[in-house]
Amino acid sequence: MHTILDIQDRKYSVEILRTVEQPADAPRLIMVSRQHNESAATIARVCIQAVRHFTLEPHELWVVDNNSPTENVSWLREEPGINVVFNHTEPLPPEHRGKPEMETHVDRQLSLGSYANAIGLEIGVRLIDPATRLVMSLHMDTMPCRANWLRYLASHIRNDVAAAGMRMDRTRTPEGILHVLGYLVAFQLFRGLQLNFFPDLPLLDVGDAVSVKLRENGYRVFACPNTLWEPDLVNLIPDSSPLKHVSVDRSLDDQGNVIFLHLGRGVRKSIGNHLAGFGVEQWAELARELMTS
């Protein structure tokens with residue numbers, strides 16, 4: 001199915017391949033992708049396969065691809081158990097529209113990545129069932145790594161807690177911001193408060209305004225313990241675990257189990273613009289080890 005979505009006065013031409021339809025109580029996970037090359041496709045595959053392997057409860061995974069070269073994303077058409085959206089329009093903020101050099105800018109995901117990520121998420125929330133209870137944002141360089149991870153996260157959304165995420169970043173606001181790499185939010189409240197994922201740089205990056213607006217309206221947010229901000233949490237991981245000494249972002253549940261991983265700088269790593277930490281092949285090898293153990 002093809003449709004046109006009008007988002008911030010720009011018409012986005014999208015193709016929708018829907019193969020999974022769950023009741024409204026099943027969380028919708030929206031993973032935004034941009035696949036310049038095979039390395040980026042490898043990162044996207046890891047996320048999809050890990051979600052499929054470790055998410056036992058009903059859910060819908062929506063992969064929204066942001067105008068990647070057709071030859072790089074054709075594999076998504078054969079991927080089972082997911083809903084795929086191909087966005088065929090470059091995600092450009094108003095100030096960059098009408099400039100030919102930006103409409104075909106190869107490194108657009110690097111220079112305008114926050115806005116592009118927001119557009120992918122906004123496309124997703126316009127296509128999922130409007131009665132959905134919970135919706136989750138996902139970076140493509142993430143990996144759930146333990147069964148019941150999603151149920152655990154969803155269990156924290158209750159009463160006045162309206163969102164639950166894998167990491168709380170504390171650099172942009174005193175209270176902290178749930179990082180858009182992976183957080184669940186109560187979708188009916190999201191819609192009722194007319195929230196969105198757009199950045200307001202330099203203060204707020206993509207998805208940050210959701211935490212801010214929820215708090216302004218009297219709600220709280222929950223974040224998992226995370227090794228990026230609490231390095232000593234690594235001591236809770238058994239020495240025998242392959243997750244003990246990996247240089248990736250690890251989120252833990254209440255019992256100290258690692259349930260979710262974030263590679264970090266995935267798009268930049270896929271094109272060789274960021275070399276620190278885990279590489280793409282190491283990431284893929286870790287995924288294979290976790291899913292076969």
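**Exercise 1.** What volume does the second largest pocket have, and which residues lie nearest its centre?

*Solution.* The model is a predicted one.
- Step 1. The volume of the second largest pocket comes to about 290 Å³.
- Step 2. Its lining consists of 16 residues. Those nearest the centre are Arg146, Ser241, Pro242, Leu243 and Val258.
- Step 3. Sorted by class, the lining of this pocket comprises nine nonpolar, five polar and two charged residues.

**Exercise 2.** Determine how helix H1 and helix H10 are arranged relative to each other.

*Solution.* 
- Step 1. Helix H1 spans residues 38-54 and helix H10 spans residues 280-292; their axes come within 10 Å and cross at roughly 20°.
- Step 2. Angles under 35 degrees count as roughly parallel. H1 is therefore roughly parallel to H10.
- Step 3. The crossing in which H1 passes H10 is left-handed.
- Step 4. On the H1 side, the contact is formed by Ser39, Thr42, Ile43, Val46, Gln49, Ala50, His53 and Phe54. H10 contributes Val280, Trp283, Ala284, Ala287, Leu290 and Met291.
- Step 5. The contact of H1 with H10 contains 10 nonpolar and four polar residues, and no charged residues.

**Exercise 3.** Identify the backbone features at Pro202 and Gln8, and locate each residue in the secondary structure.

*Solution.* 
- Step 1. Most residues other than glycine have a negative phi, and most peptide bonds are trans.
- Step 2. Leu201 and Pro202 are joined by a cis peptide bond, with omega at about 10°. Pro202 belongs to the loop between helix H7 (187-192) and helix H8 (208-216).
- Step 3. Gln8, a residue other than glycine, has a positive phi, near 50°. Gln8 is located in the loop between strand E1 (2-7) and strand E2 (10-17).

Key. Residues are numbered from 1 along each chain as its sequence is written. This is a predicted model: local features need pLDDT of at least 70, side-chain atom pairs count only at pLDDT 80 or more; totals for chains, interfaces and linings use all residues. Side-chain values use heavy atoms; hydrogens and water are left out. Axes are lines fitted to C-alpha atoms, for helices over the stretch in contact, and angles run from 0 to 180 degrees between N-to-C directions. Helices (H or I, at least four residues) and strands (E, at least two) are DSSP runs, numbered from the N terminus. Angles under 35 degrees count as roughly parallel, over 145 as roughly antiparallel, 65 to 115 as roughly perpendicular and the rest as oblique. A crossing is left-handed if the near helix is turned anticlockwise from the far one by less than a right angle, and right-handed if clockwise. Contact means heavy atoms within 4.5 Å. Ala, Val, Leu, Ile, Met, Phe, Trp, Tyr, Cys and Pro count as nonpolar, Asp, Glu, Lys and Arg as charged, and the others, Gly among them, as polar. On a 1 Å grid over the protein atoms alone, a cavity is a set of points where a 1.4 Å probe fits but cannot get out, and a pocket is an open set with protein on both sides within 12 Å along at least five of seven lines; lining residues have an atom within 4 Å of a point. Grid points are joined across faces, edges and corners, and a volume is the space filled by probe spheres set on the points.
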